[in-house]
Amino acid sequence: MSAVMQILGWKADGLRCPDHEIDFREAGDDPHRVSLIQMPNGTGKTTTLNLLRAALSGSAANGSWDGSETMKYRKLESDQSHGAFEVRLMLGSERVTIIMNFDFETSRVRYKTTRGEGQVDGFEPPYEFRRFMSETFVEAFVFDGELAERLLDEKHLRAEELVEDLFQVGTLKKLEDKVTEYWEKLTKKSATEEIALTRRQNKLEKLKERLAKCESEKERLERDRDETSGRLQKQHATYEQEISKENSRAQELEAHKEEVASLKSRVREESLDILDVMRAPNALSPIFAKRLHELKIGLDRVKLPESAAREFFTELAQEEFCVCGRPIDDHVRDVIHSRAEQYLGSDDVILLNSMKTAIQDAVGESHETAEEQLRDKLHSLGEAMHDERDARNEVALLQRAAEQADPAVREASEEIKKLEAELAGIARNLDKYTNGDTAENTRDVNILAERVKAAEDDVAEITKTIILKRKRDVLRRILREAYQTARRGILDEVCDAANQRITELLPHNNIRIMRIEKCLVLDGKEGGSVGENLSVAYAFLASLFNRSEHQLPFIVDSPANSIDLANRSRIGPLIPQLTRQFIAFTISSERDQFVPNLQQACGGKVQFITLFRKADEQLIEDARTTPNHTETLDGIVVRGESFFNKFQVEEAA
């Protein structure tokens, strides 16, 4: 079932930001699709964003905030003992209001939730929306520049989990855990030998823990290996690029490399040919050839029958008369049967005749020919290997000369050696998890998995749940495969879609997402500029939300401030594709190349709001002359594009 969340408005009173109330609804009670809230620096923009996150996630509920955290929201130079932040939502078809009441005397925050059945204490959104109203998830759709950095840092936001939660892929994994929990619960209840069961269960748990730890480490090493291999490949490309800058040297080097490749191919082909020849023993030594020839002569002397095989006499014994015309009675028939055993069967005759023919073909008339031919081939292979070694030395000498002459080539070469050493170290460590070691403390994941399975069989045996365990194994395997397939497919699709958007947003920047893990892993770099990271985050979140059936609001702080003018024009048209409701906190410096393009992409349907603290008398007077303004003790909210643009001009001045 799809979930649609919309923010209808919010209200702040007695807090560090100016007292204000904002309503996003337009005619028909639906919220504006795009709303821009202009708040000058120092107006409490960060405070408002943090309050919004806390209200939507319940992060301050149940005493989660300590006293100092709560007091951060107290209005400056004020002795007011209470404050409140209220956010009004439309969750599906239900109106929900979440209120955070601040008690600055006790430094506590208490939540109240108003829904159809009335107001209740605590953070109590509808059940079907709770997975979207966690701290991690709210961080994704109440977005600021820090989030863009965190998306690229595995210590913070878990991009992989975000995708899994949105598409509910994790449900398959949770179901697998439930199946395991049920089986463990059942086995515990039906145990007949409690001590033995406990011992076996403890052994099983230790094996599971070790297997999970080894699998996790193996996966980490595999990721490191892939990443290092990618970096090494790029470094090789850089090296080739640097070394080719000097034309004559590059041409000579290329010629020697081609020679190496040609000789390498020749060595391989001749090696395979020699291995094939060496399968014939007579090629290894004339002694073998002589012995084989003697075997063939011996078989010839036996004079094997070519047609009168055992089967002939067996069939003859079934006849009434012999081929000589004499009758065959029972006595004669028994004699024929018994003597037929002295003859070879037809299959044996065929085999021995084939051996004679094969020996004749292989050995021929000379016992030395095959050995001489093999010796010639080995000599040719030796020459090819020698030539290949010389060609490689020539390549190495040219590369060394280039490295001495050009620091850029030397730097690339040193980086390649460093990466190759890293890769070799990773390969050595990775081998510990796949080397088939059967020692007690093995790290081989396959061996450990077999031991876990054996330990589970032991537990099942004592609890008489063998059949149930088999069913559990089948179900768990199906769920695990479904989870892995769905997860990898969705992550790859989101990654591909995000990279397409990155190309549109940053056509001249060499930046792309290599894969999605705990964070977004960029191809060949740990991060870009602030603007690049923000664009990558936009592309990822837009791809993520567009592929889901759920609709969430997208609230952004300074959507274009860190992006250069050349790329801002591309961000504006992307905004309407992000979500059904987009709310942005802006400052005047973001106007150029962003707001006009955004308006055009939205067909001009943008809600303009200006919120500022009452400090500048001229601004206050200007606001009071507009019909769409509301005023509180310390803040003014003005609705409308005209004041929005005018305010920007004055701020810029």
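Phe643 and Phe647 sit together in helix α22 (residues 641–652), 4 residues apart, which is about one turn of the helix. Helices (H or I, at least four residues) and strands (E, at least two) are DSSP runs, numbered from the N terminus. The model you are looking at is predicted, so local features need pLDDT of at least 70 and side-chain atom pairs count only at pLDDT 80 or more, while totals for chains, interfaces and linings use all residues. Residues are numbered from 1 along each chain as its sequence is written, and side-chain values use heavy atoms, leaving out hydrogens and water.

**Aromatic pairs**

- The structure holds 13 aromatic pairs; rings of Phe, Tyr and Trp (its six-membered ring) pair if their centres lie within 6.5 Å, and planes under 30 degrees apart count as stacked, over 60 as edge-to-face and the rest as tilted.
- Trp10 and Phe585 form a stacked pair, because their ring centres are 6.0 Å apart and their planes meet at 15°.
- This pair links distant parts of the chain, with Trp10 in strand β1 (residues 5–13) and Phe585 in strand β12 (residues 582–586), 575 residues apart.
- Both Trp10 and Phe585 are buried, where buried means under 20% relative accessible area, exposed over 50%, and partly exposed in between (1.4 Å probe, protein chains only).
- Phe643 and Phe647 make a tilted aromatic pair, at 6.0 Å centre to centre with 35° between the planes.
- Phe643 counts as buried because its relative accessibility is 6%, and Phe647 is buried with a relative accessible area of 3%.
- Elsewhere, ring pairs connect Trp65, Tyr73, Phe102 and Phe104 into a cluster.

**Nonpolar cores**

- A nonpolar core is a set of buried Ala, Val, Leu, Ile, Met, Phe, Trp, Tyr and Cys residues joined through side-chain atoms within 4.5 Å.
- The largest nonpolar core has 97 residues, and Trp10, Phe141 and Phe540 touch the most other members.
- Helix α18 (residues 530–546) gives the most to this core, with 10 residues.
- Another core, of 18 residues, lies apart from it and includes Leu204, Ile426, Leu448 and Ala455.

**The sheet**

- Seven strands form an open sheet of mixed pairing, in the order β8-β11-β12-β3-β13-β15-β14; two strands pair if DSSP finds at least two bridges between them.
- β8 (142–143) and β14 (629–631) are at the edges with a single partner strand each, so one side of each has no neighbour in the sheet.
- Strands β13 (residues 607–613) and β15 (residues 635–639) run antiparallel and are joined by 5 bridges.
- Ile609 has Arg639 as its bridge partner in β15.
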